[in-house]
Structure formats: C-alpha cells, structure tokens
Amino acid sequence: MSESQPIAQANIRWDETGLPLSEHFQDFYFSKLNGLEETHYVFLENNKIPQRWKSLAPNASFTIAETGFGTGLNFLATWQSWQQQAPADARLHYLSVEKYPLALQDLQKALALWPQLAPLADQLTASYPISCDGFHRLHFDQGRVTLTLMLGDADRLFDQLEGQVDAWYLDGFSPAKNPDMWTESLFSAMAEHSHGESTYSTFTAASIVSRGLTQHGFSVEKRPGFGRKREMLRGQYQADEQPAKMIDKPWFTPPQPILASKREAMVIGAGIAGCSAARSLANRGWKVSLIDRHSQVAEEASGNDQGILYAKLPAKPTLASRIHLAGYLYSQQLLQQLLPGADSWSDCGLLQLALSPKEHQKQLKLLDLQNYPPELVTGVDTEEASRIAGCQLQHPALYFPSSGWINPPSLCRELVSHPNIRLVNNQEVDRLQQSPSGTWSALDQNGEIISQASVAVIATAHHTTQFSQLQWLPLKSIRGQVSSLPQPSGSNLNTVICGNSYISPPWRGRFCFGATFNLRDDEQSVRIEDHHHNLENTQQLVAELTEQLKSSDPAQWRGRVGFRCTTPDYLPIVGAIPDQQQFIDAYAELSFDAKAKIDHPPQHLSGLYCSLGHGSKGMITAPLAGETIASMVDGDPLPLQRPLLHALNPARFIIKDLIRRAI
C-alpha cells in the first residue's frame, strides 16, 4: 500500500431532518435517535472513562483512539466530559483516523445540530486541517487537550503510530457497509498499541468484529445496544496472553518515558528549535530552564526579520517532503493560536515561480498527479500570478494560498512566554554531565553548575559537537546572508515570491530577501558583494521591483548573517540520543548482514534529547520537532508516522555507518 495517498473528502447528503448521511457508505454518521447520547453510552460509559479519569495520577495523560472521526461528535463529547470531570493537571490525547474527512462547511453544518457543544465546536472548526494524508496535531485548552487527526486508511495509519492507547472507540460505519476498515491489520495494530489496562467499546456486535478482537487478545462482552441496536461490544486487552512481537528496526524504538519526581527540564539553545521544545514541555507541566549564551532569544540563525513559511513539494511525495509538509501545517496551526492578529507574521500566500521551461513542466506534473489538495497548492499563469502579487511577474507559478512569512524572533518570544519557562541568558554551557541518579548538569567553563534537570534537550545547532555525548553527529554549517533594503516609494508586493531565492512583502518599511548559501565560509560580518548577489537573484523573480531596490541609498542597506546547521541527508536530527558505543556493539551484525533480524532494544542516554540540523527550514520543522521530543519524554503518542520518525532519528547515522562498514 502506498505510503502517502491523496485524500478524498466525504460526499454528504442531508436527510429531511437535517442529519448527515455518507453517500459513499449509504449510512448515517450517528444515531437518528440522539447521536450525543449514543456517544456517552457506547463510548464513555462502556469504557468506564469518567471513573478512570478520577483515579489518574498527578500530571498523567489519558489516550483515546477512535476509528472514524466523522463529524467530530465523539471527540467534542469526550472533550466536554474531560473539562467537567478530569483532574486539572491531567492531559487528554485523542487520536482519530478518517479516510474521507468532511469538508469544513459540512462539518460546521453537522455540529450546529449540537448547540451545547458550540464553544468547543467553534475551536475545532477554526483549527480544522487541510485534507492531506498523514497526522495532523491540534492543541486546545492551552495544551491540556490534544487531537491527532490521522487522515487516510485506518489500518495503515495505526500501524505507523508510535504510542500506547488507554481506550478505543471503534466507530465508523458498520462492517457490512465499510468492510475495508474492520480488518485483521486494524485489530493487530490495536493489540500493538494496547496494554493490560486498555479497553475498547463499539456500537456493533458483528461476528467479524467479535472474532477479530478475540483473535488479537481482547476479551469480548456483549452489552445492550443504544436505541434500536440490540447489542454492542466492549472488552479489555489481555496482555499476558499475547506472544512478544518482533519489532522491525528495533534500533529506532523510542526510549521509555521519563518518570521524574520533579518534572524539571533544561533546554540549551534559544533559537526556534530550543524555544519550540521548551514550549511543548512547558505545556505538559514541565518546569523548563531555557539556557542561551546571548542576552535574548533568537540571536543567531533564528534572528532574521522575515522567514518564509511553506513546504516545497515534489510531484510525488517523498519522506523528506512528507516531513516538511507535516511541519508546515503544524507551524500554521501554532501561529494561528499563538499570534492571532499580530503584525509579525502573515498568511499572505506564496508564489513559487517556474523560472525555466523545465521547472514549469515539473509544476504541471505536480498538478496533474493531484497528490495535494487545491487548498494547499494550485497552478496560476503569469497573468494571474501578477494579479496575486500586485506587481508584474514574468513566469507562471504554483500558488500556496495559506503560506506566508514570519518574524522568527517574535515567534520565539511568544513561545517562551509561558509561566513554566525560565530564561537563563548570558550563560554558555561548556559541557554536560550526568549523575548516577540520572540527573543532568549543565556546566560552564569553570565547572560551575548552570542548571540541573532530569531532562536535557540540546538545540545549539552546529555548536552541538562541543558536547562529548554528541560529538559523533555529522553536522555542518552553511553561511547565509539576507538583505534588508528600504521600501521604495510606490513599490508593492502582496505575497511572498520564491524561486532560486525569495523576497517577502515589506514589513515595517523594508523588504527582506535572499539568502546566500556559502559552504566552508566562517565570515560573520555582512558583505556588500552578498547584497549584490541577493539582488541578482531577486532580479529573476521581480525585475521591476528589484530595479527600484537597486536605486536606493546603499547606506540604508542592512543585512544579517546566520549559519544554518545541516546534516548529510538535509533532514533534521530529532529525538533521544543513543549511547553510540552500545549501538555499535548491539547492532554490529548489520555490518555483515544489512537484513539481519536483531531484537536487541536500543540503549539511550537517559533523559538526553536533541533538535538539530533544521537548516533553512526551521520555521516548518522546529516546532513539530519540539512537540515530538516533549511527546517522547512523557510517553505520549508521537505526532509523526513511524517511517518519518525513523528518518529523523539521531541513530540513523550509526546504523548507516554500520551497514556500509564505516565504523
């Protein structure tokens, strides 16, 4: 089965009473008697959820997984009950899969049937994602409630999930009308993500469901059904009866969650990567010390006036493009929630120009394959591109209507404005040291302790290899200079333009554009020749505007130099830091047989994580990386599919080197 598929939206018909019916499955989305009462009875009551919530440990999380998001009614009913009954310091994680998501207007119409849920429904519809295959993570109630909406086939996406589930809502359309969902692979994935206390409930009592659950280790109990349904099923996972499952690529298995009596963490590096990790940890109740050698956040590569926010897409999705798209969509959600109405970012749209016939053919192929929804990207001719931009352009383009630009320092400042985050400025960490009890200490050059915590996250870009625990990571630095010139009188640009470089709409009276790309160049000062290089590239994008920029007073030209931190495969390094020597010893057999079946669990440096190598894409990869690390620390379901997590895992370099016998 394909790793990424175009998503078709649900085709809805409304009956005479205003209830939604799926044309594809010829079935209603919820009971015609009372859908909300059905949810409370079938799912909340029969999973004994309110009682279980009351006995949660301090700072605990509770994870529910649902097959069939539909109208979101089950999620909203659960969220409302959570607000009313769960401990204030607990967190709800709700996972739901949907192959045919409703269009936004249909979702709004369906949820209008439940005015008692309107305050929550409004928040859901405001954050409802674009219909792209994969995981979409949404946060509500200041991070107390998380929804991971998984768009695509249920069995495939649950098979790619990394995380454990406390209660299952087996919903969706009936097995007779939707047999593709109620499969052995789904029941197998349920077993993989369940533990001894995991329960399930479902509205159906069909034999295919009962048999599948039984064969995969779940008890089956029949209960009276809701309304006209005679019977339903509920049960619990019988973990002791299941044989151990052989794990594919065990070296990429995430570490166990950090169970610390004091939920204290430190993050080293206050760029976009460090600020994002700090915020995701703080949202989970961790007390975070954010340490940086500068006097304020975003002083290095994250300090440009404007960074563009979009994911460059290939015609056929790749691992890298899927990671970038997931990060882009997550960053969009984050900006809408953290900086509503601020002038420090804009979803003004972006035009990716086809500067050559070959590039135009690539764009046409992308549009013909229809792997991406039009809400994400469409094609426009030269005339339409010029109209959107508000100035004359010379090329057709791909148009990303919800892309735009962001002032990275503003986002960083907002990320750290959380009561659980303490800034520790003007402190340079020289080395890390772990005590026998597992506590990490950040030490300065004199050996003095700057901070101590159970969890340490390294987000210091290319400076990271100064730490002995991470010296083996293959990081490299690439110099980049951006240019900032005064806005010429009468000039205009309504949207971001990119091709071989980029230029953003003016912000606070200046245009920001660039950037250079210089390997093996350590010069930190701004160079006039790099301004001219940036202007030459911009000339190909917006010739008339560039001529105006060139005629401005060079004394008013400003620039900024940053050093991108990149990796050999140009993907970030995100996750737990492996014990390098233990990995080499445990997986040495790969040097002789790359397909060797090995079941050794990986050994990590407990409590040590990193978010590195974001290159020029930090605005779209770092926030999701921070969320991934915080989820890993707490043992929450991770926000990316398993193959994408593997592509980011720090251990990938050790495994590659073993396979090619480089170590």
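Predicted model: local features only at pLDDT ≥ 70, side-chain atom pairs only at ≥ 80, totals over all residues.
**Stop 1**

Lys358 sits in helix α11, which spans residues 357-369. Its relative accessibility is 62%, so Lys358 counts as exposed. Together with Lys358, they form a positive surface patch.

**Stop 2: a nonpolar patch**

Next, select Leu519. This residue belongs to strand β29, residues 518-519. Leu519 is partly exposed, because its relative accessible area is 39%. With Leu519 they make a nonpolar patch on the surface. The accessible area of the three together is about 320 Å².

**Stop 3: His531**

Move to His531, in helix α14 (residues 528-541). Is His531 buried or exposed? Its relative accessible area is 3%, so His531 counts as buried. Show the C-alpha atoms of His531 and Ala515. They are separated by 9.0 Å, and the two residues are 16 residues apart along the chain.

**Stop 4: aromatic pairs**

Switch to the rings. The structure holds 21 aromatic pairs. Select Phe158 and Trp168. Their ring centres are 5.3 Å apart and their planes stand at 65°, so this pair is edge-to-face. The pair links distant parts of the chain, 10 residues apart. Phe158 is in helix α6 (residues 154-159), and Trp168 is in strand β8 (residues 167-170). Phe158 counts as buried because its relative accessibility is 0%. Trp168 is buried too, with a relative accessible area of 0%.

Now select Phe583 and Tyr587. They also form an edge-to-face aromatic pair, with 5.3 Å centre to centre and 70° between the planes. Phe583 has a relative accessible area of 0% and is buried. Tyr587 is likewise buried, at 0%.

**Stop 5: salt bridges**

Turn to the charged side chains. How many salt bridges does the structure hold? There are 26 salt bridges.

Start with Arg137 and Glu627. They form a salt bridge whose closest N and O atoms are 3.0 Å apart. Arg137 lies in strand β6 (residues 134-140) and Glu627 in helix α17 (residues 618-634), so the bridge ties together parts 490 residues apart in sequence. Both Arg137 and Glu627 are buried.

Then select Arg284 and Asp636. Their side chains meet in a salt bridge at 3.2 Å, N to O. This pair also links distant parts of the chain, 352 residues apart. Arg284 is in the loop between α9 (272-283) and β13 (287-291). Asp636 is in the loop between α17 and α18 (642-648). Arg284 and Asp636 are both buried.

Now try Arg387 and Glu384. The closest N and O atoms of this salt bridge are 2.7 Å apart. Both residues lie in helix α12 (residues 382-389). They are three residues apart, about one turn of the helix. Arg387 has 56% relative accessibility, so it counts as exposed. Glu384 is partly exposed, with a relative accessible area of 29%.

**Last stop: a network**

Finish by selecting Arg91, Arg137, Arg263, Arg284, Glu627, Asp634 and Asp636. Salt bridges that share partners join these residues into one network. Arg137 and Glu627 from the previous stop belong to this network, and so do Arg284 and Asp636.

Note on methods. Residues numbered from 1 in each chain as written. Heavy atoms only, no water. Patch = residues over 30% accessible without salt bridge, like charges linked within 9 Å, V, L, I, M, F, W, Y side chains within 5 Å. Areas by Shrake-Rupley, 256 points an atom, 1.4 Å probe, with all protein chains shown as cover. Salt bridge = Lys/Arg side-chain N within 4 Å of Asp/Glu carboxyl O. Lys, Arg positive; Asp, Glu negative; His and termini not counted. Charge placed at Lys NZ, Arg CZ, Asp CG, Glu CD. Helix = DSSP H or I, 4+ residues; strand = E, 2+ residues; numbered from the N terminus. Buried < 20%, exposed > 50% of the residue type's maximum accessible area, 1.4 Å probe, protein only. Phe/Tyr/Trp six-rings, centres within 6.5 Å; stacked < 30°, edge-to-face > 60°.
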